[in-house]
Amino acid sequence: MTPAMAKKRIFILGGGAALGAHHVGAMRYLEEQGIVPDAIVASSIGVINACAYATGGVDGLERAWKSFRSLPRIVSPSLWHNPLLGLSLFSMDRLSAAVEEHIDFPRVFSSSIDLDIVLLNLSRGKGEVYTKRDCRDWQELRTLSRAGYAIPLLFPPVRFRDDWFVDGGFAWNIPLDHCLTLGATEIYLLAPIASQLPYAGRFRTFVGFTQRLLDVMWRTIGNMGYLYAVMDDGCFHGVPVTVIEPTEQWSGFGPLAVFHAHPQKNQNLMSAGYRDAKRALAARKRREARARPVRRKSSPAVTPSAGNGAEPPTP
């Protein structure tokens, strides 16, 4: 196989806060099928998962999520990081310390897996993607990773060189187009935010209506990169895309749904991710089987004879 024909599998690890445990089960099943990434494009919780994966593989990811509780790390009052004296409700120090127990940044920096981090550049007012190759050393990669999950308002922006950055999921959570610029031949989209919501026939209260609106906004912003992408039989500009996402059981926006991770919930999400990946790959195989051309058996040649109305062969 020539270099031009070499496969390049790219995983997109989309943002979804406490729903990020879904990535783990999906990556476990993909690995069992011999599908591992050459590159990862990550936003928000996907950045944390990508760095933990590059450190210790799926086993390391599972260890991290099996004991992780988010609320004690998120609700972290600070003298400087507060609405009166700072730019956020809380400090991110406690969360970063807990997350980075499972990440070896020098190892991530030297890993053969390419890592691209989606960020929202507040200084320039646009979404941007930085690769670990843009970093001079592992310390800069650590700074970029922290910016990748710095949820605005909850946490302060992170300065990288001369600009200020926050979580890129608010700008470009599912960057399919970017994967094409990286030369992807296969894309595996691990989207922890369900794109399907349960049907709602009526809204009884203002609170119920508001909750439904938030659910729709969460679903749309979280999946916009592929919900409105032009797909042709599971391909994006000719590149196969396997979408692995939760069912509507995990849909909806709410503080406890989005920000509250705990061991039992994490385990349930990992199991769901495994099942959803299995279902997504089965659907892809069926689609590929339908697209495969059917070979018709050729009919055996008939030797003319007097019995079928043809002239007998000349001796």
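In which strand is the place of Pro-240? Pro-240 sits in β9, where strands (E, at least two residues) and helices (H or I, at least four) are DSSP runs numbered from the N terminus. This is a predicted model, in which local features need pLDDT of at least 70 and side-chain atom pairs count only at pLDDT 80 or more, while totals for chains, interfaces and linings use all residues. Residues are numbered from 1 along each chain as its sequence is written, and side-chain values use heavy atoms, with hydrogens and water left out.

With a relative accessible area of 22%, Pro-240 is partly exposed, a class that lies between buried (under 20% relative accessible area) and exposed (over 50%), taken with a 1.4 Å probe and protein chains only. Neighbours within four places in sequence aside, Pro-240 is in contact with Thr-185, Glu-186, Ile-187, Gly-234, Cys-235 and Arg-284, contact meaning heavy atoms within 4.5 Å.

Strand β9 (239-244) also takes part in the packing around helix α9, whose buried residues pack against α8 (176-181), β7 (186-190), β9 and α10 (255-259). Those buried residues of α9 are Asp-215, Trp-218, Thr-220, Gly-222, Asn-223 and Tyr-226. Helix α9 (residues 206-227) has a kink of about 45 degrees centred on Ile-221, the bend at a residue being the angle between axes fitted to the seven residues ending there and the seven starting there.

Helix α9 leads on to the largest pocket, to whose lining α9 gives the most, with 5 residues. A pocket is found on a 1 Å grid over the protein atoms alone, as an open set of points where a 1.4 Å probe fits, with protein on both sides within 12 Å along at least five of seven lines, and its lining residues have an atom within 4 Å of a point. The largest pocket has a volume of about 510 Å³, a volume being the space filled by probe spheres set on grid points that are joined across faces, edges and corners. Of the 22 residues that line the largest pocket, Ile-151, Phe-170, Trp-218, Phe-253 and Phe-259 lie nearest its centre. The lining of the largest pocket comprises 15 nonpolar, 6 polar and 1 charged residues, where Ala, Val, Leu, Ile, Met, Phe, Trp, Tyr, Cys and Pro count as nonpolar, Asp, Glu, Lys and Arg as charged, and the others, Gly among them, as polar.

The second largest pocket holds about 390 Å³ of space, and its lining of 27 residues has Ile-45, Ile-48, Phe-68, Leu-95 and Val-99 nearest the centre. Here α2 gives the most to the lining, with 7 residues.

Neighbours within four places in sequence aside, Leu-30 is in contact with Phe-11, Ile-35, Tyr-188, Leu-190, Ile-244 and Leu-281.
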